[in-house]
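Notes follow in the order I looked things up.

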Amino acid sequence: MLVETPFNYTGSKFKLLPQIITHFDYTKPYFVDLFMGGGSVYTNVVDKFEKILANDIIGDLVGIHQQLLISDDIITQTKSICPDKTDADAFLRLREDYNNNPSPEKLWSLMLSCTSNMMRFNQKFKFNQTFGKRSWNSSTENKVEIFKNHIRQYKDKIRFTSNSFYDVNISSNKVMVYADPPYSNTEAGYNAYWKKDDDDKLYNYLLDIDRKGSSFMISGVLNHAGETCKLLDDLIKDGFKYKTLNYDYNKVSRVGKKQTDEIVIINY
Ligand SMILES: C[S@@+](CC[C@H](N)C(=O)[O-])C[C@H]1O[C@@H](n2cnc3c(N)ncnc32)[C@H](O)[C@@H]1O
């Protein structure tokens, strides 16, 4: 059974997991979740690989995962500072405190209490999402319990890093890399972290993995509101195989009932 992580993360691949993880290259012993976000992918393949590296550029997000793997302290701290769902002032104080003096438990509290649980940063990487009149609740409690008990079974094989993807070094032919990047043509709150030339860097990074004999899968939306994603299009033109996934983003799309084609591209 699939394990849902407790973050309601924007862009989470949880609903698409059955169509994604069945196509990973399990002949490789090592797995890299290059853009782990809420972690739904590494969480659900951790039993299938010898070692897992999970990476994300947001250090405090990585800190939450890291601490949940080893102890309940972060749970206690987060519950104690998470604003009540009626307390907008407490939310604003916490947000300011986080922006002056960030920490994983403050970020998690903000994620739990902000609008639609959608973290959002401005161009200076300051958290700027509004109060969502929500807080730590019984659903959080249940999900945290299941999530932590699951990942702690594999404590010794999971390693976390917080780097830009291109600083995650793939040095052998033994790695299955899953890339689920933000896309410049979407509106996620973590897009402040995605630089103009990151698409090109990612394209070259994936070609390098291919040259080294390791495996990659990249997820993305090939056509969104009539626009084609150049990175994905270039990989397909290079001859890499792709599969179209079956999922309707219209529910969360701001552009109305436009067709989106969620795909994965693989090199194996
Ligand atoms: C689409 S989300 C990943 C969602 C994840 N697969 C899940 O199921 O929750 C993309 C992630 O990339 C991260 N990110 C943005 N720029 C990055 C960079 N340059 N290097 C590494 N991670 C980055 C964001 O913080 C975000 O968590």
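**Entry 1: helix 8**

Where do Asp208 and Arg211 both lie, and how many residues apart? I looked this up in what is a predicted model, and found the two in helix 8 (residues 198–212), 3 residues apart, about one turn of the helix. Their side chains meet in a salt bridge, at 3.6 Å from N to O. I noted the accessibilities too: Asp208 is partly exposed at a relative accessible area of 31%, whereas Arg211 is exposed at 62%.

Asp208 has a salt bridge with Lys212 as well, and there the closest N and O atoms are 2.9 Å apart. Lys212 also lies in helix 8, 4 residues from Asp208, which is again about one turn of the helix. At 34% relative accessibility I put Lys212 down as partly exposed.

**Entry 2: other charged side chains**

I then asked how many salt bridges a search of the whole structure finds. The search gave me 13. One of them joins Lys143 and Glu4, at 3.8 Å from N to O. Lys143 belongs to helix 7 (residues 138–152) and Glu4 to the segment before helix 1 (17–21), so this pair ties together parts that are 139 residues apart in sequence.

Is Lys143 buried or exposed? I find Lys143 buried, because its relative accessible area is 18% and the cut-off for buried is under 20%. Glu4, at 34%, counts as partly exposed.

I also wrote down a network of salt bridges that links Asp72, Glu145, Lys148 and Arg152.

**Entry 3: aromatic rings**

Next I counted aromatic pairs, and the total came to 21. I picked out Phe31 and Phe49, whose ring centres are 5.1 Å apart and whose planes stand at 25 degrees, so the pair is stacked. For my own reference, the cut-off for stacked is planes under 30 degrees apart.

What parts does this pair tie together? Phe31 lies in strand 1 (residues 30–33), and Phe49 in the loop between helix 2 (40–45) and strand 2 (51–55), so the parts tied together are 18 residues apart in sequence.

**Entry 4: helix 5**

Last, I turned to helix 5, which runs over residues 88–100 and has 13 residues. From its first C-alpha to its last, helix 5 reaches 19 Å, close to the 18 Å expected at 1.5 Å a residue.

Which residues are buried in helix 5? My list reads Ala90, Phe91, Leu94, Tyr98 and Asn99. They cover an arc of only 165 degrees around the axis, which puts them on the same side of helix 5. I looked for what covers these buried residues and found, among others, helix 3 (59–70), helix 4 (73–81) and helix 6 (104–113).

On the face turned away from the buried side of helix 5, I noted the exposed residues Asp89, Arg93, Glu96 and Asn100.

Terms used: Residues are numbered from 1 along each chain as its sequence is written. This is a predicted model: local features need pLDDT of at least 70, side-chain atom pairs count only at pLDDT 80 or more; totals for chains, interfaces and linings use all residues. Side-chain values use heavy atoms; hydrogens and water are left out. The expected span of a helix is 1.5 Å times one less than its number of residues. Buried means under 20% relative accessible area, exposed over 50%, partly exposed in between (1.4 Å probe, protein chains only). The arc is that of the directions from the helix axis to the C-beta atoms. Contact means heavy atoms within 4.5 Å. Rings of Phe, Tyr and Trp (its six-membered ring) pair if their centres lie within 6.5 Å; planes under 30 degrees apart count as stacked, over 60 as edge-to-face and the rest as tilted. A salt bridge is a side-chain nitrogen of Lys or Arg within 4 Å of a carboxyl oxygen of Asp or Glu.
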